[in-house]
Amino acid sequence: MSSRHQTMGFSSRQGFGPLPRLGWALNPRINTSLIRGGFALLAVLSDLGAIGVAAMATRLLCSPGSEAAGAAHSGLPLTLIVTIFFLASNMMRSEYKIVHYLAYKDCTQRVFLPWNIAFLCVFAISFWTRTALDHSLFQAAVFYGASLFHLILARALLVKWVRWRAEAGSIATRRVLLVGFEDEVTQFSEDYEPWRLGMHVSAASVLRGREHLKEDLALASAYARILRPDDIFILVPWSHKETIDECINAFLRIPASIHLGPERVLDRFMDAQVCKIGQMVSLNLVHRPLSPAEVFVKRALDVTLAGMACLALLPFFLAVAIAIKCDSPGPVIFRQRRYGFNQEPFRIFKFRSMTTLEDGANVKQATQNDSRVTRLGRFMRRFNIDELPQLLNVLRGEMSLVGPRPHALAHDQLFEPFIGLYARRHNVKPGITGWAQVNGFRGAFTDEKIRQRIAYDLYYIDNWSLLFDIQILWLTVTSKKAYSNAY
C-alpha cells in the first residue's frame, strides 16, 4: 500500500499524509470547547432575539388601549414564561449544539414542537392555578404566530450561516485525527465530508499493513500528542479485529475520544446505538418504533378522533354515497387488500372513485387525466374525500389516523426487493394520512418519488410523538402540499 509523506507541516517516511481538503491549520492549543460554547450562546441569543422582535410586533399590532388586547389586570407575563419554557426545553434536549445546526434538515419541525409544548405548559399552569395571563386570547394568538415565524426564520438564517462558515473551514468545533488504511481514510473523507460537520481533520495517519503496524502506530501516537485532537477515528474494516485492537491499545494513553469508524453496513441504519444490557454490550441497529405506553396513547387518540369524525360526518357520508350511485354504476365502497402492521393483510375501505375495482397481481396506479377516474371521483380524489371511509379501518384497529400510507399488495411486492428498509413501513399501523403525504409525496410512482416517500415514512417512524401526529393531522387539513399530486 502506498504511503503519503506530508501532513500539516510535518513530514515522515511512514504513511502519514494529507487528505483532500483537510481544512485550515488550527493551533492545537486552541480549546474547541470555547467555540462550541460560544455558538450555543449565539444560538440562544438568536432565539431570544426572534421572540423579542415578535413580542414588539405583537405590542404594536395589539395596543394596550384596544378592545382586542383586553389584557388581564394581573397575572404572569406570557412572553417571559413561554420564553423560559421554550429555552429550557431546548437546553434539556441539547438543541443548541452546533452539530445539530450543521445537520438540520427542517427548521420548522425543530421549532414547532417545543414552541407548542411551551405554550401548552403555560396555559395549563394558568388554568390549574387560576392565574390570569397578561394577554388576551387574541393577543396571545398573535404573539404565538409571530414568534413561531421569527423563530423559524432565525433558525434558518443561523443554519445557513454556520454551514457556510463550516464549508469555508472557518468553524472547527472538533479537531480530528484519522487513522486507518488508505482506502478507508479516503472513502471516509469523500462520504462524510467532515469539514461540513464542523470537524477539522488535523492529520491522517495511513497504515501500510500488518508488517509496519507497530511502527505506524508509534508515529501516529506521537503526532496525536503534538496535535492534541479531540477525537481519533480508527478507519479499519471491522473484520480486521487484531488491527483494531492494536490501534485502540496505541491510543488509550492519548487524552482524546476514540471512535471506531463507520462500517458501510451502518449507512443503512442512521440511528444505530450501542446498547448495554447488564454486562452484555451490543449494537442496536433498529429500535422498536413505539413503546407499549405510546401504542396505548396513539390508539386512544385514534379511537377518540375517528369515532367523533364518523358521527359528525355521517350525513355527509350518506350524501356522497347517493352521489356515487347517481354518477356511475358500481358499488359505493371500494375494498382493496393492503398490508398493515407486521405485514398482516387487511381490506381498506374507500369511496369508489374509478370505474375499475383492481385488486389482483397487477394494479395500475392512477395517473393524471386517467380515463378510469369518474367525474365525481376526480373531485373526491382532489380533496381526499375518497379516503374518509378508512375511519372505519381505524375503529377496527387495522389502521391509524397517522402513519405510512398503505400501498396495494402488488406495489408492496414490487418495491420491497429493491428499496432498502421498505419493509420497515409495516412496523407501525398504516395511516389515513402521513408525513410523506403532507409534504406532497403522493400520486403516481417513480423511482425517485417512491424513495423520497419511504424516507419521509421512516423519519415519521423514528421520530413519532403525539404532538407530531397532531401536527400532521393539522397539516392534512391546512397544507396545500397535502392536496397536491392527487390524480
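Q: Which residues does R425 touch, not counting residues up to four places away in sequence?
A: This is a predicted model, in which local features need pLDDT of at least 70 and side-chain atom pairs count only at pLDDT 80 or more, while totals for chains, interfaces and linings use all residues. Residues are numbered from 1 along each chain as its sequence is written, and side-chain values use heavy atoms, with hydrogens and water left out. Taking contact as heavy atoms within 4.5 Å, and leaving out residues up to four places away in sequence, R425 touches P404, R405, H407, D412, I454, D457, L458 and I461.

Q: With the side chain of which residue does the side chain of R425 make a polar contact?
A: A polar contact is a pair of N or O atoms within 3.5 Å; within protein, one must be able to donate a hydrogen and the other to accept it, and residues adjacent in sequence count only if both atoms are side-chain atoms. By this rule, the side chain of R425 has a partner at 2.9 Å, and that partner is the side chain of D457.

Q: Is R425 buried or exposed?
A: R425 is placed in the loop between α12 (409-415) and β13 (431-433), where helices (H or I, at least four residues) and strands (E, at least two) are DSSP runs numbered from the N terminus. The classes are buried under 20% relative accessible area, exposed over 50% and partly exposed in between, with a 1.4 Å probe and protein chains only. The relative accessible area of R425 is 2%, so this residue is buried.

Q: Which residue is the bridge partner of G180 in β6?
A: Strand β4 (residues 174-181) has seven of its eight residues buried, and two strands pair if DSSP finds at least two bridges between them. β4 pairs in the parallel sense with strand β5 (residues 199-207) over eight bridges, with L177 opposite A203. β4 also pairs in the parallel sense with strand β6 (residues 231-235) over five bridges, and there the partner of G180 is L235.

Q: What is the phi of N342, in the turn of the hairpin of β10 and β11?
A: Five of the seven residues of strand β11 (residues 345-351) are buried, so this strand is largely enclosed by the rest of the structure. Strand β10 (residues 333-339) pairs with β11 in the antiparallel sense over seven bridges, and F334 stands opposite K350. The hairpin that the two strands form has five residues between them, and in its turn N342 has a positive phi of about 60 degrees.
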